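These are my notebook entries on a structure that I looked up piece by piece. I began with charged side chains and then turned to other places in the chain.

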Amino acid sequence: MTTKKLDDKVIILSAFFLAEAEQLFFENTDIAAIVIDGCVDNDEDLDTAGLVIKIRQTFACPIIAASSYWEF
């Protein structure tokens, strides 16, 4: 996990595994938006759908899907 602060207004929280992403989400209830890669724990399968469904139950702000993998 990493944290980066921009201009005292935006804090970027980064996770490299699904468990970290879930932990960050539930520990930081003031999140304004989420950008999530389709493949977090591996490079071949879309593995974030379950987490997005779980997050969407309580999170109404934007969730943006992104991927660096060319097939997605």
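How many salt bridges does the structure hold? I worked from a predicted model, and I found that the structure holds one salt bridge.

**Entry 1. The pair.** I looked up the partners next. Lys54 forms the salt bridge with Glu22, and their closest N and O atoms are 2.4 Å apart. This pair links distant parts of the chain, for Lys54 is in helix H2 and Glu22 is in helix H1, 32 residues apart. I noted a general point here: side chains of opposite charge can pair when their charged atoms come close.

Lys54 has a relative accessibility of 38%, so I recorded Lys54 as partly exposed. Glu22 has a relative accessible area of 25% and is therefore partly exposed.

**Entry 2. Glu20.** Where is Glu20 placed? I located Glu20 in helix H1, which covers residues 18–27. Is Glu20 buried or exposed? I recorded Glu20 as buried, and Glu20 has no salt bridge. The nearest side chain of opposite charge belongs to Lys54 and is 15 Å away.

Apart from neighbours within four places in sequence, Glu20 is in contact with Met1 and Ala15.

**Entry 3. Lys9.** I found Lys9 in the loop between strand E1 (2–6) and strand E2 (10–14). Why does Lys9 count as exposed? The relative accessibility of Lys9 is 76%, and I call a residue exposed because its value is over 50%. I also compared the position of Lys9 with that of Gly50: the two are 41 residues apart in sequence and 30 Å apart in space, from C-alpha to C-alpha.

**Entry 4. The largest pocket.** What is the volume of the largest pocket? I recorded a volume of about 730 Å³. The largest pocket is lined by 23 residues, and Leu13, Ser14, Leu24, Ile34 and Val35 are the closest to its centre.

I then asked which elements supply the lining. E2, H1, strand E3 (34–37) and helix H2 (49–56) each supply at least two residues. The largest share, five residues, comes from E2. I finally sorted the lining of the largest pocket by class and noted 19 nonpolar, two polar and two charged residues.

Note on methods
Residues are numbered from 1 along each chain as its sequence is written. This is a predicted model: local features need pLDDT of at least 70, side-chain atom pairs count only at pLDDT 80 or more; totals for chains, interfaces and linings use all residues. Side-chain values use heavy atoms; hydrogens and water are left out. Helices (H or I, at least four residues) and strands (E, at least two) are DSSP runs, numbered from the N terminus. Buried means under 20% relative accessible area, exposed over 50%, partly exposed in between (1.4 Å probe, protein chains only). Lys and Arg count as positive and Asp and Glu as negative; His and the chain ends are not counted. A salt bridge is a side-chain nitrogen of Lys or Arg within 4 Å of a carboxyl oxygen of Asp or Glu. Contact means heavy atoms within 4.5 Å. On a 1 Å grid over the protein atoms alone, a cavity is a set of points where a 1.4 Å probe fits but cannot get out, and a pocket is an open set with protein on both sides within 12 Å along at least five of seven lines; lining residues have an atom within 4 Å of a point. Grid points are joined across faces, edges and corners, and a volume is the space filled by probe spheres set on the points. Ala, Val, Leu, Ile, Met, Phe, Trp, Tyr, Cys and Pro count as nonpolar, Asp, Glu, Lys and Arg as charged, and the others, Gly among them, as polar.
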